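Let's take a friendly walk through a protein model together. Have the sequence and the 3D view ready, and look up each residue as we come to it.

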Amino acid sequence: MPKEGRFHTLIEPFRIKVVEPIRLTTRAKRRGWLEAAGYNPFLLHADQVLIDLLTDSGTSAMSQDQWAGVMRGDESYAGARSWFTFRDTVREITGFEHVIPVHQGRAAERILFSTTVKPGQRVLNNTHFDTTRASVEAAGGTAVDLPCAEASDLESEYPFKGNLDLGRTRAELETHGRDGIALVMITVTNNSGGGQPASLENVRAASELAHEFGVPFYLDACRFAENAWFIKQREPGQQDRAVEAIAGDLFEAADGCTFSAKKDALANIGGFLATRDPDLASRERNLLILTEGFPTYGGMAGRDLEAVAQGLREVLDEDYLDYRVGSVAYVHARARAHDVPLLCPAGGHAVYIDARRFLPHVPFEELPGIAVAGALYEDGGIRGVEIGTCMFGSTDPETGREKPHVQDLVRLAVPRRVYTQSHMDFVVEVLAHTHARREDIGGLAFVHQQAPLRHFTARFRRL
Ligand code: F0G
């Protein structure tokens with residue numbers, strides 16, 4: 001028996017009090033629905049999906065205490081009780097004085113970049129998420145991805161593949177200086193790069209480096225608790241520390257953060273932007289009032305403020321994090337045992353399939369990620385998302401040829417507290433089945449696309 005009376009079986013640390021039916025469908029039906037959706041999983045109806053791994057964002061199951069908070073929500077326009085609960089919780093966990101509530105992460109991004117980025121300036125990040133990149137570009141800036149070198153080897157087990165490449169960051173800062181670089185950021189965990197964590201050491205070093213050049217350092221903190229858990233597991237000297245203290249150290253290194261409460265606040269909507277700078281906060285609040293709402297609710301209802309505040313406390317529970325990150329690692333290990341090519345090690349919120357190795361006969365121009373995502377849906381009703389040439393590449397207007405992204409991945413993101421181990425066993429079985437018939441799976445071509453963020457609405461045809 002393992003130490004402290006713990007067994008090996010990973011159990012969900014909750015009981016289920018409310019259930020939502022999901023329905024089994026036939027392969028023939030799914031084939032028709034996928035065709036009608038132009039082979040784009042974003043265009044399927046959710047009712048046509050059996051296990052929805054499109055995103056971990058806004059899809060969490062809320063706890064009884066969050067639902068109790070929903071009932072307590074104070075819907076006063078200004079100065080609601082729920083606002084103070086929210087603000088004080090965010091201050092306590094992050095240490096940031098100025099908290100600006102928004103309806104979701106991208107609203108925080110838009111406000112941050114439109115107040116800090118001047119046209120022509122650069123934002124450096126380990127990897128910008130799709131909306132983050134689009135928001136930097138909408139403000140007239142250039143989004144520069146600087147993941148560490150270890151991240152490009154999809155099979156390496158390097159423990160902190162979410163690290164920022166400090167050498168290339170210094171070179172950027174030396175070349176462009178304070179005037180040319182608006183912000184240095186680290187996304188924890190690095191979602192577009194495989195849900196991989198950044199180390200505390202790397203976050204602190206990036207902060208010092210940015211500050212050496214007088215540039216502010218920010219966190220995209222969507223999955224801060226999962227990142228802090230990885231630090232506790234993997235970073236020398238951190239094993240005996242509380243996850244909450246490690247998370248506090250991450251925030252302490254930063255001048256501010258953007259946050260989507262749809263991830264590590266276990267809520268279905270919400271977010272915030274935070275800073276230590278009172279002048280910046282006041283400019284941000286002016287913009288907030290214009291497009292989101294009054295500064296004591298921003299883009300959220302009072303009930304949402306309560307759900308997020310409670311979720312922020314629950315997400316730092318170490319039994320929860322052990323189960324959460326462990327359940328993703330479980331799928332990863334079992335799928336690898338069937339030789340399904342995956343990005344290693346397992347991410348915190350998702351398993352990432354390496355579509356180029358899954359379909360070696362499909363070149364990147366024929367969108368292997370879209371092909372794998374379609375096949376998983378057709379075979380098992382599982383919905384994932386391509387993170388590759390469709391999401392981050394582009395079509396050259398002159399030649400009509402695709403410019404590739406560095407990788408073609410398919411992300412299977414696991415909603416928090418939603419699916420059980422038997423759902424995950426089913427996912428592994430489908431993965432193994434689809435991989436075994438991979439030679440029958442062909443590529444696709446665009447029939448419709450619209451920039452920016454073409455992946456949300458694109459339609460394809462099978463080649
Ligand atoms: N930053 C990161 C790292 C994200 O993963 C997301 C959203 C955002 C910012 C934007 O937050 O959706 O609340 O506006 N990611 C979701 C996903 C959509 O599926 O990974 P949002």
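## A buried charged pair

Arg-417 and Glu-314 form a salt bridge, and their closest N and O atoms are 2.9 Å apart. Since this is a predicted model, please read every value here as computed from that prediction. Where do the two partners sit? Arg-417 is in the loop between β14 and α16 (421–436), while Glu-314 belongs to helix α11 (residues 302–314), so the bridge ties together parts that are 103 residues apart in sequence.

Are Arg-417 and Glu-314 buried or exposed? Both Arg-417 and Glu-314 are buried. As background, side chains of opposite charge can pair when their charged atoms come close.

How many salt bridges does the structure hold? There are 33. One of them joins Glu-155 to Arg-357, with 3.6 Å between the closest N and O atoms. This pair links distant parts of the chain, 202 residues apart: Glu-155 is in the loop between β4 (142–145) and α6 (166–180), and Arg-357 is in helix α13 (residues 355–358). Glu-155 counts as partly exposed because its relative accessibility is 46%, and Arg-357, at 34%, is also partly exposed.

Another salt bridge pairs Arg-168 with Asp-165, the closest N and O atoms being 3.1 Å apart. Arg-168 has a relative accessibility of 40% and is therefore partly exposed. Asp-165 is buried, because its relative accessible area is 17% and the cut-off for buried is under 20%. Salt bridges can also link up into a network, as they do for Arg-27, Arg-31, Glu-378, Asp-379, Arg-437 and Arg-462.

## A three-stranded sheet

Now find the open sheet of 3 strands, whose order is β9-β14-β11 and whose pairing is antiparallel.

Look next at how β9 meets β14 (residues 409–413): the two strands run antiparallel and are joined by 5 bridges. Tyr-352 has Arg-411 in β14 as its bridge partner. In general, strands of a sheet pair through backbone hydrogen bonds, either parallel or antiparallel.

## A buried leucine

Helix α6 is the place to look for Leu-173. Is Leu-173 buried or exposed? Leu-173 is buried, because its relative accessible area is 0%.

Leaving aside residues up to four places away in sequence, Leu-173 touches Leu-124, Ile-181, Val-184, Leu-209, Ala-210, Phe-213 and Val-215. For a sense of scale, pick out Asp-304: from C-alpha to C-alpha, Leu-173 and Asp-304 are 39 Å apart in space, and they are 131 residues apart in sequence.

## The largest pocket

Rolling a probe the size of a water molecule over the atoms shows where empty space is left. The largest pocket holds about 1500 Å³ of space. Its lining has 37 residues, and those nearest its centre are Val-18, Ala-61, Met-62, Arg-417 and Val-418. Here we meet Arg-417 again, the salt-bridge partner of Glu-314.

Which elements give two or more residues to this lining? They are α2 (64–72) and α12 (318–337). Of the elements, α2 gives the most, with 3 residues.

Definitions and conventions
Residues are numbered from 1 along each chain as its sequence is written. This is a predicted model: local features need pLDDT of at least 70, side-chain atom pairs count only at pLDDT 80 or more; totals for chains, interfaces and linings use all residues. Side-chain values use heavy atoms; hydrogens and water are left out. Two strands pair if DSSP finds at least two bridges between them. Helices (H or I, at least four residues) and strands (E, at least two) are DSSP runs, numbered from the N terminus. A salt bridge is a side-chain nitrogen of Lys or Arg within 4 Å of a carboxyl oxygen of Asp or Glu. Buried means under 20% relative accessible area, exposed over 50%, partly exposed in between (1.4 Å probe, protein chains only). Contact means heavy atoms within 4.5 Å. On a 1 Å grid over the protein atoms alone, a cavity is a set of points where a 1.4 Å probe fits but cannot get out, and a pocket is an open set with protein on both sides within 12 Å along at least five of seven lines; lining residues have an atom within 4 Å of a point. Grid points are joined across faces, edges and corners, and a volume is the space filled by probe spheres set on the points.
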